[in-house]
Amino acid sequence: GAIRLGGKGGRSLVVAGGKLYTKGNYSAASLKYFRVVKQMSGSRWHATAEFQLAKSLYRMRLFRSAQHYFTNIIQVGSSHRHYRSAIVYLMRISRQLKDLSFLGKLRRFRPSDLPRNQRDELFYLLGRYYFQNRRLSMDKRLSASLSVLRRVTRRSPLFYARAQYVMGAVYTAAARPGLAEAGRYRNQ
């Protein structure tokens, strides 16, 4: 049958999904959230259902599927109520999948969009992403990469050291462009 947009239908599915999620039944919870996401796009519960669906998929270790829904959220931008949390989850997923493609969909990012303890990691990931992005000209790759890598602070020794390493690769590529184009730089 037809499902009304908004109203109790979306709420009851999100509440039912929440109870299942709390019990650790992520699969059943994801089905509740999926119904809201796919059938109730105008619902005021849609944003919450989309985020909870992505979290459920993440908990089931279905990282590609979770990445899809978290990426939908960051494409909406900071107006999405779960934007900040979605970025954090995408960073976690990028560690699992070694995939930084979500960074290409991050629009109008402001450092204040993330908690302070997460910013250095995102700056490092952005620096790597820009440096490896072959769709950009070499000049743009180098300047974009350096502009964010320089923002990684010593507060995060691991990401600071990694950023310094990538900066070294950027400076080497600037001095000898053939190295970067030949793909000699590899992910850490």
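Analyst: Helices (H or I, at least four residues) and strands (E, at least two) are DSSP runs, numbered from the N terminus. The expected span of a helix is 1.5 Å times one less than its number of residues. This is a predicted model, in which local features need pLDDT of at least 70 and side-chain atom pairs count only at pLDDT 80 or more, while totals for chains, interfaces and linings use all residues. Residues are numbered from 1 along each chain as its sequence is written, and side-chain values use heavy atoms, with hydrogens and water left out.

User: What distance does helix H2 reach from its first C-alpha to its last?

Analyst: H2 covers residues 26–39, which is 14 residues. At 1.5 Å a residue, 20 Å is expected, and the model comes close to this. The reach is 20 Å.

User: How many of the 17 residues of H6 are buried?

Analyst: Buried means under 20% relative accessible area, exposed over 50%, and partly exposed in between (1.4 Å probe, protein chains only). H6 is largely enclosed by the rest of the structure, because the buried residues number 13.

User: Is Arg-119 buried or exposed?

Analyst: Arg-119 lies in helix H6. Its relative accessible area is 18%, so Arg-119 is buried.

User: Which residues does Arg-119 contact, leaving aside neighbours within four places in sequence?

Analyst: Contact means heavy atoms within 4.5 Å. With those neighbours set aside, the partners of Arg-119 are Pro-111, Ser-112 and Leu-114.
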